[in-house]
Amino acid sequence: MTDDTTPTSDILERLERAEQLKLIGEHYAALEILEQLLIEDPENISALEEVADNELSLEQFERAEIAALRTVALDKESYTGHYILGFLRSTTGDWEDAANHLRKANASRSNNAEILRCLGWALFNTGERAQGIVTLERALNLDNENALTLCDLGVTYLQTRNFPKAKALFERALNLDPDNPKAVECIQAMGKIEEAMKK
């Protein structure tokens, strides 16, 4: 006799298969498996989290939000649910709500570089500039080859007028990922600022 709250090996195998598909970019195939799991058990939190994550990757933000809201309604500690809601609030500039969700995600899963990157950016944009920079620095310490973190941190230094630090971060991002559009854009913006300062 199995405990009802313990997933069966079949469910775990299907979740693992969906995870593997997600990692290779086969989001629609992953969603097929996950949606079948949810038909069988609408309160399968792991499946809901994975649906939200796949929908986010597909830029289906409304669907990602629905799944993430359902996830946190069922499990208030779901770091994936709170991270996705925080990320989505950031995309619309709702910085306070973004920071609240990302704080909850960080409380459940501390030392996650991606959560810290998003939290740092949200904090900086709520006006907690020093805390935002410190949080972004922590994210960079955990994942020092992340071009997005380098760019976000560079922008915070740019906005606080620490131009040498900003430029060094943008150059590092560009060296790591020469085709990264954000890194290219940041370096170009830095060049314009330097030209303006010469005049």
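Which residues in helix 3 meet which residues in helix 5? The section on that pair below lists them on both sides.

## Overall architecture

This is a predicted model. The chain holds 11 helices and zero strands. Read from the N terminus, the order of elements is α-α-α-α-α-α-α-α-α-α-α.

The C-alpha trace spans about 75 × 30 × 30 Å along its principal axes. The chain has 199 residues, and 42% of them count as buried.

## Helix 3 and helix 5

Helix 3 covers residues 45–57, and helix 5 covers residues 79–91. Their axes come within 9 Å. The two axes cross at roughly 25 degrees. Angles under 35 degrees count as roughly parallel, so helix 3 is roughly parallel to helix 5. The crossing of this pair is left-handed.

On the helix 3 side, the contact is made by Glu49, Ala52, Asp53 and Leu56. Helix 5 meets them with Thr80, Tyr83, Ile84, Phe87 and Leu88. By class, the residues of this contact divide into six nonpolar, one polar and two charged.

## Helix 9 and helix 10

Helix 9 runs over residues 147–159 and helix 10 over residues 163–176. Here the axes come within 8 Å. They cross at roughly 160 degrees. Angles over 145 degrees count as roughly antiparallel, and helix 9 and helix 10 are therefore roughly antiparallel to each other. Helix 9 passes helix 10 in a left-handed crossing.

Helix 9 contributes Ala147, Leu150, Cys151, Leu153, Gly154, Val155, Tyr157 and Leu158 to the contact. From helix 10 come Phe163, Lys165, Ala166, Leu169, Phe170, Arg172, Ala173 and Leu176. The residues of this contact divide into 13 nonpolar, one polar and two charged.

## The two pairs in brief

Helix 3 and helix 5 are roughly parallel. Helix 9 and helix 10 are roughly antiparallel. The crossing is left-handed for helix 3 with helix 5, and left-handed for helix 9 with helix 10. Six nonpolar residues take part in the contact of helix 3 with helix 5, and 13 nonpolar residues in the contact of helix 9 with helix 10.

Terms used
Residues numbered from 1 in each chain as written. Predicted model: local features only at pLDDT ≥ 70, side-chain atom pairs only at ≥ 80, totals over all residues. Heavy atoms only, no water. Axes fitted to C-alpha atoms, helices over the stretch in contact; angles between N-to-C directions. Helix = DSSP H or I, 4+ residues; strand = E, 2+ residues; numbered from the N terminus. Parallel < 35°, antiparallel > 145°, perpendicular 65-115°, else oblique. Left-handed = near helix turned anticlockwise from the far one by under 90°. Contact = heavy atoms within 4.5 Å. Nonpolar A, V, L, I, M, F, W, Y, C, P; charged D, E, K, R; others polar. Buried < 20%, exposed > 50% of the residue type's maximum accessible area, 1.4 Å probe, protein only.
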